[in-house]
Amino acid sequence: MAELRDLYQEVILEHAKAPRNYREQGAAAAKAEGYNPLCGDRCTVFINKKDGVIEDISFQGNGCAISKASASMMTQALKGKTLEQAEEMFKSFHGMVTGHKNEAGADMGKLKVFAGVSEFPARVKCATLAWHTLEAALHGDHEKVSTE
Amino acid sequence: MTAQAAAPRLTPTPEGDVARFDIERIRADFPILGESVHGRPLVYLDNAATSQKPNAVIRAIADYYRYDNANIHRGVHLLSQRATDAYEGTRAAAQRFINARKTSEIVFVRGTTEAINLVAQTYGRAHVRRGDEVLITAMEHHSNIVPWQMLCEETGAKLRVAPINTRGELLLDEYEKLLGPSTRIAAISHVSNALGTINPAKEMIRMAHARGVPVLVDGAQAVPHMRVDVQDLDCDFYAFSAHKMYGPTGIGVLYGKSELLEAMPPWQGGGDMISSVTFEKTMYNKVPHKFEAGTPDIAGVIGLGAAIAYMESIGVDAIGAHEHELLVYGTERLAATPDVSIIGKAENKAGVLSFTLENIHPHDIGTILDQEGIAVRTGHHCAQPVMDFFCIPATVRASLAVYNTKEEIDALIQGIERVKEMLG
């Protein structure tokens with residue numbers, strides 16, 4: 001059962017119960033919606049950019065513990081980062097949860113708690129939903145993002 | 001022909017005595033039940049998605065390839081004759097199994113989904129026009145929604161939906177009211193896959209027929225659990241899949257009343273569905289072959305035959321009675337578990353325990369149960385409108401089969417306790 005604890009680490013459960021930056025932003029913010037049709041998880045990411053820097057980032061939605069914690073911790077990790085850094089973190093995070101090498105080389109910091117997800121292939125999409133939605137918000141995709 | 005011979009296991013007495021129901025012997029028929037998952041014995045409670053396969057079915061398919069493999073309806077050689085006999089033998093077995101009048105009323109298809117698409121695209125296209133209506137219910141599986149939506153989009157017809165109550169039961173009065181002068185067909189599930197509700201299909205068909213409306217019944221979740229008699233139901237079409245009734249994936253049956261099948265245009269063109277072809281004109285084969293273009297899934301059909309024989313060897317009523325006992329037990333135990341909400345509380349239910357757990361997402365529950373060796377389905381069960389009705393994104397669904405036991409229900413309840421411990 002040690003493996004389950006690798007997935008559901010305390011910090012993940014804590015973020016799932018009390019997600020940070022869980023709020024809407026005004027019309028000025030870039031916004032994208034994500035959806036995982038497999039489990040019905042939904043996620044909306046709001047970003048306020050200025051001079052290539054993420055000044056504010058928040059999210060709303062509902063889903064499993066992994067997807068909520070991932071969105072919550074993503075917002076914490078990206079606030080104040082440049083768009084370039086955000087792209088690198090997305091690549092590194094994706095590599096980490098799919099069990100691939102961290103080629104983008106971004107420092108995952110607290111996000112390392114999601115490394116255990118790579119042992120649960122069915123849950124990778126839960127962990128990456130917020131990140132895929134972030135990508136869409138950064139690139140101004142108005143189509144709803146789907147993990148399928 | 002060796003492939004079809006499934007050793008009769010338990011022959012119910014004429015009184016339908018189920019006392020001889022030997023669960024250990026039945027479990028021994030399913031080799032996969034000996035597997036362990038994450039170091040735990042497998043507790044397989046995802047039968048509404050697909051059931052496991054007994055040795056008799058696995059052997060029938062392997063034996064066909066090993067001893068009898070040839071194409072059907074073609075060769076004069078011995079193997080082709082044996083393959084054809086086995087294939088057509090299953091058609092006769094399926095006819096008896098659901099009490100159709102004739103073997104020609106049994107069309108082999110890939111599954112329930114294909115059966116419904118076939119009817120929507122042949123019967124539907126021939127009869128449904130702009131302004132007409134197609135009636136379904138609010139508890140349908142996507143496979144009994146989308147083919148009709150596609151037909152409606154193509155023809156300009158309107159899809160009407162008969163509502164359900166919060167127990168997950170159809171509002172029969174509303175259904176009856178929706179059967180109007182523009183209704184061209186009604187498509188209803190016999191048993192709901194997400195809720196387990198058994199619909200009063202016979203009554204619904206009678207109501208539709210009183211207004212001249214033909215009825216297609218999606219029987220995917222009914223045939224594995226109860227005796228189905230298409231003549232008694234008087235349905236016009238009935239669809240089911242082999243893989244939910246201990247048979248292989250990729251094969252199923254469309255039953256249609258022969259006068260309807262005969263009048264319907266063919267669906268796919270190709271070999272086997274013709275009687276003669278010239279570049280000027282093709283004469284179509286008679287039913288059911290008109291709807292079976294190309295080389296079919298012969299091994300799948302033979303596997304279905306073995307599955308029917310297997311179910312009959314135990315007795316469909318005995319299977320239903322065993323599952324009902326488990327359903328009652330499971331419902332009691334779930335209801336007594338704090339924070340559990342059962343979704344789908346119809347009075348008349350078959351084999352499905354759908355539930356949610358306070359503040360814990362079904363996907364997390366599924367992962368933790370899996371670590372305990374317990375296989376359940378989590379998600380919307382291809383019935384998103386049902387989830388929307390109950391204002392939930394998903395449920396956990398434990399669904400039952402003949403080989404499940406009370407001990408496995410206990411394991412599920414223990415697993416739920418473990419989930420609450422970890423995430424509560």
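**Close-up views of a predicted two-chain model**

The buried residues of helix H12 of chain B are Pro362(B), His363(B), Asp364(B), Ile365(B), Gly366(B), Thr367(B), Ile368(B), Leu369(B) and Gln371(B). A residue counts as buried if 20 or more other C-beta atoms lie within 10 Å of its own, as exposed if 12 or fewer do, and as partly exposed in between, with C-beta atoms placed from the backbone. The model is predicted, so local features need pLDDT of at least 70 and side-chain atom pairs count only at pLDDT 80 or more, while totals for chains, interfaces and linings use all residues. Residues are numbered from 1 along each chain as its sequence is written, and chains are lettered from A and ligands numbered from 1 in the order in which they are written.

**Figure 1. Helix H12 of chain B is mostly covered.** Nine of the 10 residues of H12(B) are buried. Helices (H or I, at least four residues) and strands (E, at least two) are DSSP runs, numbered from the N terminus. After H12(B) comes Gly373(B), which has a positive phi near 90 degrees.

**Figure 2. Chain B meets chain A through 14 residues on each side.** In this view, 14 residues of chain B are in contact with 14 residues of chain A; two residues are in contact if their C-beta atoms, placed from the backbone, lie within 7 Å. On the chain B side, two or more residues each come from helix H12 (362-371), strand S16 (377-379) and helix H14 (406-423). H12(B) gives the most, with five residues. The residues on this side of chain B comprise six nonpolar, seven polar and one charged. Here Ala, Val, Leu, Ile, Met, Phe, Trp, Tyr, Cys and Pro count as nonpolar, Asp, Glu, Lys and Arg as charged, and the others, Gly among them, as polar.

**Figure 3. The largest nonpolar core has 172 residues.** A nonpolar core is a set of buried Ala, Val, Leu, Ile, Met, Phe, Trp, Tyr and Cys residues joined through C-beta atoms within 7 Å. Val134(B), Val215(B), Ile302(B) and Ala307(B) touch the most other members. Helix H10 (residues 298-314) of chain B supplies the largest share of this core, 12 residues. The core lies between domain 1 (23-45 + 315-423) and domain 2 (60-312) of chain B, because both give residues to it; the domain bounds come from an automatic or database domain assignment. With neighbours within four places in sequence left aside, the contacts of Val134(B) include Trp148(B), Leu151(B), Arg184(B) and Ile185(B).

**Figure 4. Ala120(B) lies in helix H4 (residues 112-127) of chain B.** Ala120(B) is buried, because 24 other C-beta atoms lie within 10 Å. Although Pro147(B) is 27 residues apart from Ala120(B) along the chain, their C-alpha atoms are separated by 6.3 Å. Beyond its neighbours within four places in sequence, Ala120(B) is in contact with Pro147(B), Trp148(B), Met150(B) and Leu151(B).

**Figure 5. Val287(B) and Pro288(B) are joined by a cis peptide bond.** The omega angle of this bond is about 5 degrees. Pro288(B) is found in the loop between strand S12 (282-284) and H10 of chain B.

**Figure 6. Cys382(B) and Cys391(B) are shown in their loops.** Cys382(B) is not a glycine, yet its phi is positive, about 55 degrees. This residue lies in the loop between S16 and helix H13 (384-389) of chain B. Cys382(B) is partly exposed, because 18 other C-beta atoms lie within 10 Å. Cys391(B), also a residue other than glycine, has a positive phi near 55 degrees. The loop that holds Cys391(B) runs between H13 and strand S17 (395-399) of chain B. Cys391(B) is exposed, because 6 other C-beta atoms lie within 10 Å.

**Figure 7. Chain A has five helices and four strands.** Along the sequence, these elements follow the pattern α-α-β-β-β-α-α-α-β. Buried residues make up 44% of the 148 residues in chain A. The mean pLDDT of chain A is 90, and 96% of its residues reach 70 or more; pLDDT is the predictor's confidence in each residue, from 0 to 100. Within chain A, confidence is highest in helix H3 (residues 65-78), at a mean of 96, and lowest in strand S4 (residues 145-146), at 76.
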